[in-house]
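Hello,

Here is the structure I promised to pass on to you. Have a look at it first, and then read my notes below.

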Amino acid sequence: MKLELTCTDSRKRKFVVDQFPVIVGLDPGADICLNDSAVGHYQCMIDNGDEGLMVWDLGTKTGTYINGLRVLKKTPLSPGDELTIGRNSFVVHYDSPDAQPHRRVNPASKPEARPPHSPPARRPEPAIS
């Protein structure tokens, strides 16, 4: 798979990667190095695995965002998503046999679904003799 990140700024910078995982950050050792003081040395990681293309923040203060929602755990990346890292926003492009653009609520932005609450079992009342 080839991932293309196109910056939405006026310069339209483009990053193309075809080997995963990819680390994005300020550090020159990052796979994609962004010269932005709002970016952590190692800001986020993008990987292509069984679950598809996923991104997650590496514990930074500024956070990583998909479509304006903060990434709190491994989160799927879809073609057309906007990935924001520091002051940089990118449109995500990639071709994959099973890549389908879709709009979804970012699962990392809201609590996970939990089963409905059921009241605790009642204790039997002591018998009075």
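**What I found**

Strands β1 and β2 form a hairpin with six residues between them, and in that turn Lys12 has a positive phi of about 50 degrees. Before going further, please note that this is a predicted model, in which local features need pLDDT of at least 70 and side-chain atom pairs count only at pLDDT 80 or more, while totals for chains, interfaces and linings use all residues. Residues are numbered from 1 along each chain as its sequence is written, and side-chain values use heavy atoms, with hydrogens and water left out.

**Confidence**

The pLDDT (the predictor's confidence in each residue, from 0 to 100) averages 81 over the chain, and 74% of the residues score at least 70. Residues 99-123 have a pLDDT below 50, although this stretch has 32 contacts in the model beyond near neighbours in sequence; a contact means heavy atoms within 4.5 Å. Where pLDDT is low, the predicted coordinates should not be read in detail.

**The chain as a whole**

The chain has 11 strands and zero helices. Both are DSSP runs numbered from the N terminus: helices are H or I with at least four residues, and strands are E with at least two. Of the 129 residues in the chain, 35% are buried, where buried means under 20% relative accessible area, exposed means over 50%, and partly exposed lies in between (1.4 Å probe, protein chains only). If you take the contacts between residues at least 6 apart in sequence, 37% of them join residues at least 24 apart.

**The open sheet**

In what order do the six strands of the open sheet run? The order is β2-β1-β11-β10-β7-β8, with antiparallel pairing. At its edges are β2 (14-17) and β8 (69-70), each of which pairs on one side only. Two strands pair if DSSP finds at least two bridges between them.

Starting from the β2 side, four bridges hold β1 and β2 in an antiparallel pair, and Leu5 has Phe15 in β2 as its bridge partner. On to β11 (residues 88-94), β1 is joined by five bridges, again antiparallel, with Leu3 standing opposite Tyr94. Strand β1 (residues 3-7) is largely enclosed by the rest of the structure, because four of its five residues are buried.

From the β8 side, β7 (residues 64-66) and β8 pair in the antiparallel sense over two bridges. Here Tyr65 stands opposite Arg70 in β8.

**Around β6**

Strand β5 (residues 44-49) and β6 form a hairpin with two residues between them. Their antiparallel pairing runs over six bridges, and Asn48 stands opposite Leu53 in β6. Strand β6 also pairs with β9, through two bridges in the antiparallel sense; Met54 has Pro76 in β9 as its bridge partner. Why is β6 described as largely enclosed by the rest of the structure? Because five of the six residues of β6 are buried.

**Two threonines**

Thr75 is found in strand β9 (residues 75-76) and counts as buried, because its relative accessibility is 0%. The side chain of Thr75 reaches the backbone oxygen of Lys73 at 2.7 Å, a polar contact (a pair of N or O atoms within 3.5 Å; within protein, one must be able to donate a hydrogen and the other to accept it, and residues adjacent in sequence count only if both atoms are side-chain atoms).

Thr60 lies in the loop between β6 (52-57) and β7. With a relative accessible area of 15%, Thr60 is buried too. Its side chain reaches the backbone nitrogen of Gly63 at 3.1 Å. Leaving aside neighbours within four places in sequence, Thr60 is in contact with Gly40, Tyr42, Gln43 and Arg70.

**Cysteines**

A search of the whole structure finds zero disulfides, a disulfide being a pair of cysteine sulfur atoms within 2.5 Å. Cys44 is buried at 0% relative accessibility, whereas Cys33 is partly exposed, with a relative accessible area of 37%.

Best wishes
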